[in-house]
Each structure stands twice: as C-alpha cells, then as structure tokens.
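Here is a short report on the packing and the charged pairs of one model. Read it alongside the coordinates.

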Amino acid sequence: MTMNEREKTIAIYTLTSELHDEGAVTAVTHEFLNSLQIEYDLRGNDYAGYGSHTLDLIYVRTGGTEGIFLRLLPQLQAQSTKPFYLLTSGKSNSLAASMEILSYLRQQGFKGEIIHGNSEHIRNRINNLSRVAEARELLQGTRLGIVGHPSDWLISSRADKDRVCQQLGIHLVDIPMQELLDTMAATPVKDEVTEQAPTDAIRQSLPVANQIYDALKALIEHHCLSGFTLRCFDLLSAVHNTGCLALARLNAEETVAGCEGDVPALLTMTIVKALTGISGFQANPSSIDPETGTMTLAHCTIPLNMVEHYELDTHFESGIGIGIRGHMTTGPVTIFKVSGDLQRSFVAEGELVRNESKPDLCRTQLVVRLSNPADTAYFLTHPIGNHHIVVPGRYKSLFEDFINDHHTSER
C-alpha cells in the first residue's frame, strides 16, 4: 500500500480547566477546529488511545491546565515516544498554559512544539507533521539493496547500517554484482523494442537494456526490496550496456532505484518517495555560479514520471548503451541530501529555469536557480558527497520536519 493510499488518522485530545464554562469552551472548540479544514478524530479527554494514531495532538483549550497535564504525563510517556504537539487557539489563556507545559517538557528532556497561528499556518503545520509521521511508518521494515559495492570514486558516500536501521527502520542488504549477472544470464533477451530509438546503435542496445530491467525486477522480488542502488559502471564491461533505462523505469514504478552504489543518495531518495510519492532525480552538480545561485545538475538517468518527454542517447562517459535525456517542466524544485550516518542534511528550494542538452555532460541536464544564492556555499565548502536529489515542487519545510523529527527524548 502506497503512502497516498493510506488513510491519515489525526487524533485530537483536549485539556480543559474545570473553572471554565464547558458550553462556551465547546463553542470555541468547534469554531476553531472547523476553521482548520482538516479531517480529525476528536477524542476529548479520553487519552486511552494516545500515541496509536498517525498524529496525536493535545488541544490545550484553556489556561489552568498545567497541573492536569502533569498528572497525565506518566500515562502519555508509557503510551508513546513521539514528540508532544500542543495545539492552541490562544483563547482563554490557552497559549500561556501551553508555553508553561512546553517549558516543563523541555526541562525534562522531551521534544515538543506549540502549534499556533492563523488557520492556514496551523493547517499546513498539521499536514506536514502528519506526512512526516506517515513516512516514518512507511519506512519501518523497508529493505534496500546495495547491488555491488559503492563505486570506487565515492570515497565519502558510505552509510552507517546500524544507525540507519535504528533511526529509520531501514535494512540495507548487500547483494553481489555477480548475482545480478547470473540473473541476467537466466533472463531471456526480448527482441521487441517499444522505445523510439534515434540511431541503429541505440536500437541494438535496447534489448539488453530491457534485459537488465527484467533481471533487476527479479532481484527486487527475490530479496523483497523496496529500492536499491546499483554499481552500474560494472555493467559497461560485463554486458557492454548500462542500467540507466532500467533505473528510469523502476523509479517511475514502485521501486526506488539509485546509481553508482551511492547509499546516502539512495536513502535520500527513499525518504523523498515516502514523503512525496516520487523518488527524485539523482544528479551531479556540474557547474555553480555563486553570484546568481544558478547551478547545473546532470546525470544519464531520471525517473520517467518526472519528465514531460525524454529521448534515448548513449551513456555519456562511455558512449555506449542507453542514457536518458529527460526534460522536466520548469518551475519550483527542491534539492535534498542526507548523509550516510544521518547526522547531516542539506535542503534548498529553487526554480528549474531550463533544460539543456550540452554534448559534454551527462544526458539529463537541469539548470536550477536557488532561491537563496548563499546556499551555493554549501556545495563549495562542506558538501555531502557529489550526488544530490532534485524533486519538483517546494518541500523544504517538509524535508526539514522529517530530519528534525527523531526522538521524543533529547537526552
């Protein structure tokens, strides 16, 4: 079941002082919650199910509720390890009470947040938190394959498997390259060619490119994988072809598929898929203008569900096999990357201003102008490897919320 097919469950519990008139408070409650225009389950002051929903909110309706919360805290701790989210309209001294409660939680080493502001801000914040919680549920138990070792030039792009499992619930599975080659040897080569091939050389390469796709599909099923990264350059010498077309197709389906055995890039793409429903484009920054914040990102593959149209070409570095020249719709994009130990991340928004087709770069080429030109300093002073993930749309706050949402305890 994909993220978009799952039913969101937002539960709202209430804290109310006995000194306030229940009728008046109830009227304010309905007016406030209706203004948010979200689907929710109002649980009142019955906290028996707290922690069992996608997102649990504590609606502090009035002041004078600090002692009530303190008495509830042991029960809430026993039922959930998630951060405490205090929702408040600001009426009847509820914001002041929320601040006192959050201050106490911080003193005790718990994570929490007051959700307060106008209706649009609150709605967007709740939706973000719900999507983050859903994504974390989806990632639990995910199996990602590393087909062959990371490419030799990825000297900084390794992953801490134990930390990845502990923090994300993702299991990284090593799969020898020979297993893929053996699977290919047992996979029939289909003569039919459905893609438009601009040259005879590309037309002749398509059957093996599709055989690579079929073999990877078999490997995915055999190892129960949700995604993988492929040491793809080994295929150039082994079968005189590339995995670019296979990765482009698989990313447009339900499988996250990364290049060059880059595990941090694979993790980033997997997080992106859980949050947004698409894998994103794994690409190299190839040029950067720090003055304007304009940069070019390129690679020889891109998910086919991210492009308006695409053409087939050869793989750039080798000049053989199949590469993808994809053309994305211009507009807002987000660039994202997490490190292999999950200790660092980068996220920035910008605009895709044009697609290019220069002969001296990988085939898919995106020219992006960052919203904040100062963000280019990251790439030139402390980058997280070379590959970064480009996602259509504005997702900076969503990705940051995911990164910041780790454990209830800060100690």
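D200 is exposed, with a relative accessible area of 53%; exposed means over 50%, buried under 20%, and partly exposed in between (1.4 Å probe, protein chains only). Its salt-bridge partner is R203, at 2.6 Å from N to O. A salt bridge here is a side-chain nitrogen of Lys or Arg within 4 Å of a carboxyl oxygen of Asp or Glu. R203 counts as partly exposed at 38%. Both residues lie in helix α7, 3 residues apart, about one turn of the helix.

This is a predicted model: local features need pLDDT of at least 70, side-chain atom pairs count only at pLDDT 80 or more, and totals for chains, interfaces and linings use all residues. Residues are numbered from 1 along each chain as its sequence is written, and side-chain values use heavy atoms, with hydrogens and water left out.

The whole structure holds 17 salt bridges. Three of them, including the pair above, are tabulated.

| Salt bridge | N to O distance | Relative accessible area |
|---|---|---|
| D200, R203 | 2.6 Å | D200 53%, R203 38% |
| R163, D160 | 3.9 Å | R163 29%, D160 32% |
| E356, K358 | 3.7 Å | E356 14%, K358 41% |

Shared partners also link E311, D313, R325 and R363 into one salt-bridge network.

Now the sheet. Four strands form an open sheet in the order β7-β6-β8-β9, with parallel pairing. Strands pair if DSSP finds at least two bridges between them. Helices (H or I, at least four residues) and strands (E, at least two) are DSSP runs, numbered from the N terminus. The edge strands are β7 (171-175) and β9 (256-259). Between β6 (143-147) and β8 (227-230) there are 4 bridges. I146 has T229 as its bridge partner in β8. Helix α7 (200-223) packs on the sheet and touches β6, β7 and β8. Contact means heavy atoms within 4.5 Å.

T242 sits in the loop between α8 (234-238) and α9. T242 is buried, at 3% relative accessible area. A polar atom of its side chain lies 2.6 Å from the backbone oxygen of I322. Beyond four places in sequence, its contacts include I212, H315 and G321.

What residues touch the most other members of the largest nonpolar core? They are I335, V368 and F402, in a core of 60 residues. Such a core is a set of buried Ala, Val, Leu, Ile, Met, Phe, Trp, Tyr and Cys residues joined through side-chain atoms within 4.5 Å. Helix α10 (263-276) gives the most, with 9 residues. A second, separate core of 22 residues includes M177, I212, L225 and L247.

Key
Axes fitted to C-alpha atoms, helices over the stretch in contact; angles between N-to-C directions. Polar contact = N/O pair within 3.5 Å; in protein donor to acceptor, adjacent residues only side chain to side chain.
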